[in-house]
Amino acid sequence: MKSSRLLSILLLLQTGGRMTAGRLAEELGVSVRTVYRDVEALHAAGVPLYGDAGHRGGYRLLPGSRTRLTDLFAREAEALVLAGMPGAAEGLGLGPHFADAQLKLRAALPAALREHVDRLRGRFHIDAPGWYDEGDEAPFLPEVADAVRTGRVLEVRYRRWREPTDVDRRLEPYGLVLKAGRWYLIAGPGPRTYRVDQILALTVTDEEAVIPEDFDLAAHWRASRTDFHQRLRQGEAVVRLSPRAAARLTGAAARALAATGTPEPDGWTRATLPVESTDHAHDTFLGLGAEVEVLAPEDLRDRIAATVRTLAARYA
């Protein structure tokens, strides 16, 4: 909407300084002609905005001109309230600061909008961890977060899944990511990903961390996540599922069932499901008990059959 775009122009000029019409058009995803019309509308509304001609010209606000939080639209105020993550702030050691920021934001809103967001806050609650995972204790999270903020090198004792399990590492912190209730540190050299809850001991040094100028934390995490999912589903298994087993599938397996499932005369469904590895598939399908039959690959079927024979002998 136009009113939102006009406010966006003011905020861009307030934070970015002088900007050309072409730059503003690129930032807003509109034509240069539209920017010209918007600038004229701002002039007509008495906004202290002026432009300089020439190669180095552009639009800028008069010194001291700023927008206020009272200019927030209702949907924007809602977004600020719902984006708040008190649990994350608490874990980072910023709980009191988060609460203070929320109070200041609330106080700066017009009365009607303040009442609206207060009602909204009472209707939404964010609980990120899954039902069977309350999140992991990460006692060194505040220290890690502080090192990320100040750009200081960390010396840590870290526990990994393969031998040797406990290793010493010198880490240059690039950033922190919260995923499904678990904190991950992205750090050089590499960079590589470390679970913060697996840090056993930590020392913050006086050495300054050097982060590559072109490093983008969000882009790096997206690429890492894509690579993880590509490696995660390394194969497929052809199975027969009872209605009960089919109803228990979730995520990628449920989507594969919907895409490849073929009903059979006995009420079961034949489908091709993605699997991570033989070990993981073996444990997963055993968890479904007699409600599933693995048809292929043959080595997975043979391994499950061997396990079933062992269990039958043990409980005979």
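Is serine 242 buried or exposed? Select it and see: at 4% relative accessibility, serine 242 counts as buried (under 20% relative accessible area; exposed is over 50%, partly exposed in between, with a 1.4 Å probe and protein chains only). Serine 242 sits in the loop between β8 and α10 (243-248), and it touches Trp268 and Glu291, leaving aside residues up to four places away in sequence (contact means heavy atoms within 4.5 Å).

Before moving on, note that this is a predicted model, where local features need pLDDT of at least 70, side-chain atom pairs count only at pLDDT 80 or more, and totals for chains, interfaces and linings use all residues. Residues are numbered from 1 along each chain as its sequence is written, and side-chain values use heavy atoms, with hydrogens and water left out.

Next, select the open sheet of four strands, ordered β9-β10-β8-β11 with antiparallel pairing (strands pair if DSSP finds at least two bridges between them; strands are E runs of at least two residues and helices H or I runs of at least four, numbered from the N terminus). β9 (262-263) and β11 (292-296) stand at the edges with a single partner strand each, so one side of each lacks a neighbour in the sheet.

Finally, show arginine 270 and glutamate 264: they form a salt bridge, with the closest N and O atoms 2.9 Å apart (a side-chain nitrogen of Lys or Arg within 4 Å of a carboxyl oxygen of Asp or Glu). Both belong to a network of salt bridges that also links Arg240, Asp266, Glu293 and Arg301.
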